[in-house]
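Dear colleague,

I am handing over the structure below, and after it I set out what was found. Please keep it open beside you while you read.

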Amino acid sequence: SPKDDPFNPWPGKCDSGKGKDAFTSGFEGPWTPNPTAWDNGYFVNLLKYEWEVHKGPGGKHQWRVANASQSPVAPGPQGDTQRIMALTSDISLIKDPTGKYPEIVRQFAASQADFDFAFAHAWYKLTTRDMGPVTRCIGKDVPPPQPFQYP
């Protein structure tokens, strides 16, 4: 417990707790071949491949590229490789019956710049919402006031 050992409060029973010993939610795998790079590969992959549901290594239903020989691979946790994956929430973006989300996926897959622009604005709103008037934001890098800031 934290009281007994404040430097290792929740030691667990999973050996090192790292790599092969890590305990996760049960959804396992990378979404892109280069999971530590910033790019629009997630959207490209959603459109480029046919996906099938399967039970992943963590015992949970997730999605994989239907033709294993076409599946991109990413670095694995033990120095090996692993196929890319998706969750049902990801697949729902391309299967949306209204057509709204597939349109956004296609836009972001076709244009890294459009994805970057939308993400930058969403991130700015997420991190500055409820910060009060824009006059509280200081520094040379502050963008112009946004409607949600009630300038």
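**Surface patch and aromatic rings**

On the surface, Trp38, Phe119, Trp123 and Leu126 make up a nonpolar patch whose accessible area together is about 480 Å² (Shrake-Rupley method with a 1.4 Å probe, with only the protein chains shown counting as cover for residues; patch residues have over 30% relative accessible area and no salt bridge, and nonpolar side chains, meaning Val, Leu, Ile, Met, Phe, Trp and Tyr, are joined within 5 Å, like charges within 9 Å; a salt bridge is a side-chain nitrogen of Lys or Arg within 4 Å of a carboxyl oxygen of Asp or Glu).

This is a predicted model, in which local features need pLDDT of at least 70 and side-chain atom pairs count only at pLDDT 80 or more, while totals for chains, interfaces and linings use all residues. Residues are numbered from 1 along each chain as its sequence is written, and side-chain values use heavy atoms, leaving out hydrogens and water.

Phe119 lies in helix H4 (helices are DSSP runs of H or I with at least four residues, strands are runs of E with at least two, and both are numbered from the N terminus). Phe119 is partly exposed, with a relative accessible area of 35% (buried means under 20%, exposed over 50%, partly exposed in between, with a 1.4 Å probe and protein chains only).

Phe119 also belongs to one aromatic cluster, together with Trp38, Tyr42, Phe43, Phe108, Phe115 and Trp123. The structure holds eight aromatic pairs (ring centres of Phe, Tyr or Trp, the last by its six-membered ring, within 6.5 Å; planes under 30 degrees apart are stacked, over 60 edge-to-face, the rest tilted).

With kind regards
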